[in-house]
Amino acid sequence: MRVLALAVLAAALVAHRKLVLVTVRGQSMEPTYREGDRVLVRRGARLVPGRVVVLASPPGTVDQGWLIKRIAATAGDPVPDRLAGLTGNRVPAGKLVLLGDNPEVSLDSREIGYFPADHVLGAVIGSTGSRRPGPGRQPKG
């Protein structure tokens, strides 16, 4: 009965466009999410450090479209020490510090600076896993 109630709740949220299913492209969030993983994004979720969000690329960036990044700091938080290139001691109002889990390939606040908070589509609340096998996810035969 509980599963049915959750399914009905999820269907209602999807119907009201509160939930969006997004397919991960690229390696910037590895090992947390891999190419082909599908994540469930909730619009209007509270933005707090540590949460993973999907957002529109800022204008002028190479990758136009959607990005998936982890929140390192929100407005009013101290700027993380490892991002000394950002201006100010605190994150400005309406801005976020976002980082990929794979710093070797991630286009994030280390290169772009602050991201506009109003570019966030929503926060990742779950994953359906990969649509295709990746390293460590090979089917057992």
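In what order do the elements of the protein run from the N terminus on? The order is α-β-β-β-β-β-β-β.

1. Ground rules. This is a predicted model, so to speak of local features a pLDDT of at least 70 is needed, side-chain atom pairs count only at pLDDT 80 or more, and totals for chains, interfaces and linings use all residues. Residues are numbered from 1 along each chain as its sequence is written, and side-chain values use heavy atoms, with hydrogens and water left out.

2. Overall make-up. The protein has one helix and seven strands; these are DSSP runs numbered from the N terminus, with helices (H or I) of at least four residues and strands (E) of at least two. Buried residues account for 35% of the 141 residues. Here buried means under 20% relative accessible area, exposed means over 50%, and partly exposed is in between (1.4 Å probe, protein chains only).

3. Strands E3 and E4. Four of the five residues of E3 (residues 52-56) are buried, so this strand is largely enclosed by the rest of the structure. E3 runs antiparallel to E4, and five bridges join them; two strands pair if DSSP finds at least two bridges between them.

4. Salt bridges, the count. Searching the whole structure gives four salt bridges. The criterion is a side-chain nitrogen of Lys or Arg within 4 Å of a carboxyl oxygen of Asp or Glu.

5. Glu35 and Arg25. These two form a salt bridge, with 3.5 Å between the closest N and O atoms. Both sit in the loop between strand E1 (19-23) and strand E2 (37-42), 10 residues apart. Glu35 is partly exposed at 25% relative accessible area, while Arg25 counts as exposed at 54%.

6. Asp101 and Arg70. Their side chains meet in a salt bridge at 2.7 Å, N to O. The pair links distant parts of the chain, 31 residues apart: Asp101 is in the loop between strand E5 (95-99) and strand E6 (115-116), and Arg70 is in strand E4 (residues 66-74). Asp101 is partly exposed, at 24% relative accessibility, and Arg70 is partly exposed too, with 25%.

7. Around Arg34. The side chain of Arg34 meets that of Glu30 in a salt bridge, 4.0 Å from N to O. The backbone nitrogen of Arg34 also lies 2.8 Å from a polar atom of the Asp37 side chain. Asp37 belongs to strand E2 and is buried, at 1% relative accessibility.

8. The largest pocket. About 300 Å³ of space lies in the largest pocket. A pocket, on a 1 Å grid over the protein atoms alone, is an open set of points where a 1.4 Å probe fits, with protein on both sides within 12 Å along at least five of seven lines; lining residues have an atom within 4 Å of a point. Of the 16 lining residues, Arg25, Ser28, Trp66, Leu67 and Ile68 are the closest to the centre.

9. What lines the pocket. E1 and E4 each supply at least two lining residues, and E4 gives the largest share, four residues. By class, the lining has nine nonpolar, four polar and three charged residues. Nonpolar covers Ala, Val, Leu, Ile, Met, Phe, Trp, Tyr, Cys and Pro; charged covers Asp, Glu, Lys and Arg; the others, Gly among them, count as polar.

Key. Grid points are joined across faces, edges and corners, and a volume is the space filled by probe spheres set on the points. A polar contact is a pair of N or O atoms within 3.5 Å; within protein, one must be able to donate a hydrogen and the other to accept it, and residues adjacent in sequence count only if both atoms are side-chain atoms.
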